[in-house]
Amino acid sequence: MILFDHKGGRKNITYARYLMSVKLGRFLEPGEHVCHVDRDIKNCALDNLVIMSPQENAGRKKGETMKDFVCPVCGKEFQLAARHSHRVNPACSRQCGRRKGLAKQRARKLMAMRMGK
Ligand SMILES: [Zn+2]
């Protein structure tokens with residue numbers, strides 16, 4: 001579905017996203033995915049639509065159970081598919097994962113320097 005704004009720009013969004021924006025009275029953030037509760041994409045009744053994060057949405061599609069985690073980098077609460085829960089201190093996003101990796105590298109370097117002295 002294509003929306004036109006007053007500046008002549010256009011936005012291509014799904015009907016489900018459009019309905020959810022109308023329900024909420026605002027535009028949806030890129031990180032907000034609209035899902036169909038009964039998984040029937042033709043059922044766009046307002047009470048059949050919920051907002052989910054892309055991770056939740058992806059996990060739900062595969063019928064996975066989600067577990068709650070707290071990001072060790074930014075402290076944000078997030079959900080991850082249970083099959084990933086063996087990971088130690090998973091980060092909420094790629095950005096945080098990278099920051100976590102960098103912090104580890106720095107710690108290792110620091111250790112190596114101390115050991116060398
Ligand atoms: Zn984080």
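Student: How many of the 23 residues of H3 are buried?
Tutor: The number is 0, so helix H3 lies largely in the open. Bear in mind that the model is predicted.

Student: What span does H3 cover, from its first C-alpha to its last?
Tutor: Helix H3 takes in residues 94–116 and reaches 33 Å between those two atoms. That is close to the 33 Å expected at 1.5 Å a residue.

Student: Where is confidence lowest, and where highest?
Tutor: Strand S1, residues 2–4, is lowest, with a mean pLDDT of 60. Helix H1, residues 15–24, is highest at 89. The protein averages 82, and 86% of the residues score at least 70.

Student: Now the strands. How many bridges join S5 to S6?
Tutor: There are 5, between residues 66–70 and residues 77–81, and the two strands run antiparallel.

Student: Which residue in S6 does Met66 stand opposite?
Tutor: Met66 faces Ala81 there.

Student: And which residue takes a positive phi in that hairpin?
Tutor: Gly75, with phi near 80 degrees. The hairpin has 6 residues between S5 and S6.

Student: Why is Asn48 classed as partly exposed?
Tutor: Because 17 other C-beta atoms lie within 10 Å of Asn48, and a residue needs 20 or more to be buried, or 12 or fewer to be exposed.

Student: Which residues is Asn48 in contact with, leaving aside neighbours within four places in sequence?
Tutor: His36, Val37, Asp38 and Asn43. The C-alpha atoms of Asn48 and Asp38 are separated by 6.7 Å, with the two residues 10 apart along the chain.

Definitions and conventions: Residues are numbered from 1 along each chain as its sequence is written. This is a predicted model: local features need pLDDT of at least 70, side-chain atom pairs count only at pLDDT 80 or more; totals for chains, interfaces and linings use all residues. pLDDT is the predictor's confidence in each residue, from 0 to 100. Helices (H or I, at least four residues) and strands (E, at least two) are DSSP runs, numbered from the N terminus. Two strands pair if DSSP finds at least two bridges between them. The expected span of a helix is 1.5 Å times one less than its number of residues. Two residues are in contact if their C-beta atoms, placed from the backbone, lie within 7 Å.
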